[in-house]
Amino acid sequence: MNAVSRAGTIPSSCLHEVFNAAERRERATGRPVIKLHVGEPYFKPPREVAEAVAEAVRTGRTAYTSAEGMPALREALAVKLEMENGHRTSPDHIFVTPGSCQGLAALMQSLAEPGDELLLPELHWPIHLQQCLLAGFRPAFYPLGPDFRPTAEGIRAAVTPRTRAILINSPANPTGAVLDADALAAILAVARERDLQIISDEAYEHFVYDGEHTSFASLERGLPEHERRISSTFSFSKSLAMTGYRLGYVVTPHRRAADAMRVVQEASLVSPSTPVQYAGLTALKSRDSAVRNAALVRANRDRALPALRDAGLLAELPQGGWYAVLDVAGVCDDAEVFVQGLLERYDVGLAPAAGFALRPVVSDAVRTLSAEPAPGARTLVRLAFCGDPQELDTGVERLLTYTAERQASGGHP
Ligand SMILES: Cc1ncc(COP(=O)(O)O)c(C=O)c1O
């Protein structure tokens, strides 16, 4: 018997490490760290959402619901998906989940077959990789261009006879890249040609600054259900700053997919939190807040990030999402060293992107044997720009000072 389980071989998220390093620093110095490494927004959920959850608890609406979630919420979500996202779906295909994180994990479990591959972007949210490995998928990676967008050709070239599904995340974490309808249509054509499933993670759907969000499954709107292949995940965490409420949802393309998803949800949750589902019902009526919140993050981007572009750290402003990927190659050949120096000298936290680019080598039983970062990610770091504007500005100022210092001393301050 293996002393370490399969899950025990999977690397823990790099964000965990960065988070701890910042906390250790705060304890050691007694000074606050400016946390540009975490995506926690500075705006708060709408007041009426807090009242809805409190009211549900007060009035005893706290019993289990079905594994799929409350019918009233799923009906409201079907309307939202139709009106805002251009889907044509039904409440039967929708699952309320404790955050889209759990929805993604459940979806992968519901799709996985032993030995099959899931294609992830070469720079990805580390949790996507963990979920892939936990579900028993073998991870494989598709390339991103210099603008961090994938192309249909790049994806086609990464497909093997074992590939079962592709994960698309637009707007993307960590890159902020956004895929328009044409790019998505080209990817869908590859998926149809090679008979692949698609998982579309749309957690940042409201945070598109140039152009507009295209929800991938809207491209299948006209197709009969049995020809559809896109499963989507959405979240209340980002749009309405409801990160700690833990509320998201999954939209499956047809009955068969919903049946598989239901089994995973029955086995893993029994049901999502009932008071939080009442919060969701109210939150769906607060969509103006999502628009306002997007404008706040956009203002942060437009104010704070151009200086990073001018300093040669950022190729272009991210089109969407909460994060930008910077390249510090001009002043340091190792992002971990850069990030540690910035934390120690200036009390600013950034996330080295190596943890967003791990390339696990796995056994036939999908045990992770090793997980080295892709060499191309060695000098990349992720910066979150969804936080308090003043802190963001100060953090960026210190980052620029630190970069200039490293430059002046030939990369070794
Ligand atoms: C790309 C992406 N997907 C999904 C999530 C999960 O969000 P939640 O579980 O809060 O809905 C996150 C959170 O950071 C994310 O960055």
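**Ground rules**

I'm working with a predicted model, where local features need pLDDT of at least 70 and side-chain atom pairs count only at pLDDT 80 or more, while totals for chains, interfaces and linings use all residues. Residues are numbered from 1 along each chain as its sequence is written, and side-chain values use heavy atoms, with hydrogens and water left out.

**Entry 1: around the ligand**

Helices here are DSSP runs (H or I, at least four residues), strands are E runs of at least two, and both are numbered from the N terminus.

**Entry 2: polar contacts**

Next I checked polar contacts, meaning pairs of N or O atoms within 3.5 Å; within protein, one must be able to donate a hydrogen and the other to accept it, and residues adjacent in sequence count only if both atoms are side-chain atoms. Cys101 has a backbone N or O atom 2.9 Å from an oxygen atom of the ligand. From the side chain of Asn173, an N or O atom is 2.8 Å from a ligand oxygen. Lys238 also puts a polar side-chain atom 2.8 Å from an oxygen atom of the ligand. How much of the ligand does the protein bury? Alone, the ligand exposes 400 Å², and the protein buries 92% of that (Shrake-Rupley areas with a 1.4 Å probe; for residues, only the protein chains shown count as cover).

**Entry 3: the largest pocket**

The ligand takes up the space of the largest pocket. A molecule sits in a pocket or cavity if more than half of its atoms lie within 2 Å of its grid points. The 1 Å grid covers the protein atoms alone: a cavity is a set of points where a 1.4 Å probe fits but cannot get out, a pocket is an open set with protein on both sides within 12 Å along at least five of seven lines, and lining residues have an atom within 4 Å of a point. The largest pocket holds about 620 Å³ of space. Its lining has 27 residues, with Leu15, Gly39, Trp125, Lys238 and Tyr323 closest to the centre.

**Entry 4: the largest cavity**

I then turned to the largest cavity, which is lined by 18 residues, including Pro121 and Tyr142. That lining divides into 12 nonpolar, 6 polar and no charged residues.

**Entry 5: backbone details**

I found a cis peptide bond between Ser170 and Pro171, with omega about -5°. Another cis bond joins Asn173 and Pro174, with omega about 15°. Pro171 is in the loop between β5 (163–169) and α7 (181–193), and Pro174 is in the loop between β5 and α7 as well.

Key. Nonpolar A, V, L, I, M, F, W, Y, C, P; charged D, E, K, R; others polar. Points joined across faces, edges and corners; volume = space filled by probe spheres on them.
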